[in-house]
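Me: I have a model open and want to go through a few pieces of it. Can we start with the strands?

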Amino acid sequence: MSVPAMSLHRAMADPFAWDESLLHRYDTLGPRYTSYPTAASFSDDFGTLAYQDTLARSNANGRPLSLYVHLPFCRKGCHYCACHKVSTKSTRVVEPYLSRLDREMVLIKPHLDTRREVAQLHWGGGTPTFLGLDQMSDLFDRLDARFGLSSARERDYAIEIDPREADVFTLRHLQALGFNRLSLGVQDLDPRVQRAVNRVQPRILTEVLLDEADRLGFRSLNIDLIYGLPLQTRDSFAATLEQVIAMAPARLSIFNYVHMPERFAAQHRIRAEDLPSQEEKLAILRATLAMLTEAGYVHIGMEHFARASDSLVIAQREGTLQYNLQGYSSHARCDQVGLGVSAISCIDDVYAQNHTRLADYEAALDNSCLPTARGIRLTFDDRVRRHAIERLVCDMALDLDALSETFGIDAPRYLADSLARLESLQRDGLVSIESNRVVAKPIGRLLIRHIAMAFDARLPPQPGGHYSRIA
């Protein structure tokens, strides 16, 4: 299916001021800024005692809690995957892991005031639906027993779903447990692309789940897609997108595949010659923006789209949108406690990450130690820059006067180095700076990560393999 040229022109001319030469020029490596400082700055010197102290200090602020649970198991490994996962067909590995998760909760609880509301819960992976229904109930009950889960209508309880590992009974069970938001991994509906990345997933699997989720009244449905996979073309991805738009999910995440086999072993199975050229990837991106705009989706930023009535769009319009380790959120800032192998916690001015190797994670807990492997406590400068970067990626703008008031500084003077780095971007039409406001222009919204990098004091001169491409 080809995207009609007239349709493409109408959708793209005003919203994004498409400029392929600029996108080529700024297609560099850079962070996604789910945290600042990024994980590349975390230190091995930050350990268990520092994390315990952080948990205790967090009680004074009284913020709600957000729990992230990492469930690393997958029945089949997808070749593109860059997540911390364990590929296995044996479900016997789950029980020991659930026991260790519970041990981690037990070790955390004495340091944390669990009377605070658990406003957010997110199960990620891996494949959370690798767990059987009884195992899901067991984990949910353990979380409730240790932290006291919320039944408030406003709670945001989400789970990532692989449609190959779930059915309508799974969704009914998840709703009964208390989940109200689903994220379905689809990536691409073209059978050729699916075979090339070892993720054969017929469309009917996704459609059945979306229909049932809608019938059950889940608050929000998200579909994940990836562009830049082997054998993709602008026409093949447009065909996938046309089918996905017909399914009418409230949110869409369109991620840019970055081929880094030197860092992610699974990607060695993808042939470099099968990958679309950079020109073809940009054509895919342009067609995607055109089709989603015409279908009524709003580009939130950072590869995320939502319908105009969605809470993310409303929060962005009202200036209350948040961006954290799980992506965009319409909820007020929470202290996030990460549970499981590789999980990251974000508590006030600290990031702490668990061991990324399953054996190390297990060994720590078997020795009755929290599995904290590394982390960082933010300096005042880190906090200022984190706030600036978050406002940029959420609002597509930064109010320097508001920043001054929040931190008691003269922000234009304090961030003079960052504003100087924006000068070339200003000349190229990515950003404007007027009346102490930094505003991303239409093409700059597509390159917001590059604008944010100007405020990153920890970015190495030549960002390398820790980061992904921006466009």
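Me: In what sense do β19 and strand β20 pair, and over how many bridges?
Reply: β19 and β20 (residues 437–440) pair in the antiparallel sense, over four bridges. Strands here are DSSP E runs of at least two residues and helices are H or I runs of at least four, numbered from the N terminus; two strands pair if DSSP finds at least two bridges between them. This is a predicted model, where local features need pLDDT of at least 70, side-chain atom pairs count only at pLDDT 80 or more, and totals for chains, interfaces and linings use all residues. Residues are numbered from 1 along each chain as its sequence is written, and side-chain values use heavy atoms, with hydrogens and water left out.

Me: Which residue in β20 is the bridge partner of I433?
Reply: V438 is the bridge partner of I433.

Me: What is the strand order in the open sheet?
Reply: The order is β18-β20-β19, three strands with antiparallel pairing. β18 (397–399) and β19 (431–434) are the edge strands, each pairing on one side only. From one strand to the next, the twist averages 15 degrees.

Me: Which strands does helix α13 touch?
Reply: Helix α13 (residues 380–395) packs on the sheet and touches β18 and β20. Its direction makes about 135 degrees with that of β18. Axes are lines fitted to C-alpha atoms, for helices over the stretch in contact, and angles run from 0 to 180 degrees between N-to-C directions; contact means heavy atoms within 4.5 Å.

Me: And helix α14, at what angle to β18?
Reply: About 50 degrees; helix α14 (residues 400–407) also packs on the sheet, touching β18 and β20.

Me: Changing topic. Is R181 buried or exposed?
Reply: R181 counts as buried because its relative accessibility is 14%. Buried means under 20% relative accessible area, exposed over 50% and partly exposed in between, with a 1.4 Å probe and protein chains only. R181 is in strand β7 (residues 181–187).

Me: Which side chain does the side chain of R181 make a polar contact with?
Reply: That of D156, at 2.8 Å. A polar contact is a pair of N or O atoms within 3.5 Å; within protein, one must be able to donate a hydrogen and the other to accept it, and residues adjacent in sequence count only if both atoms are side-chain atoms.

Me: Last one, α8. Which residues are buried there?
Reply: T206, L209, L210, E212, A213 and L216. On the other side of α8, D211, D214 and R215 are exposed.

Me: What covers the buried residues of α8?
Reply: The cover includes β6 (156–161), α6 (168–177), β7, β8 (220–227) and α9 (234–247).
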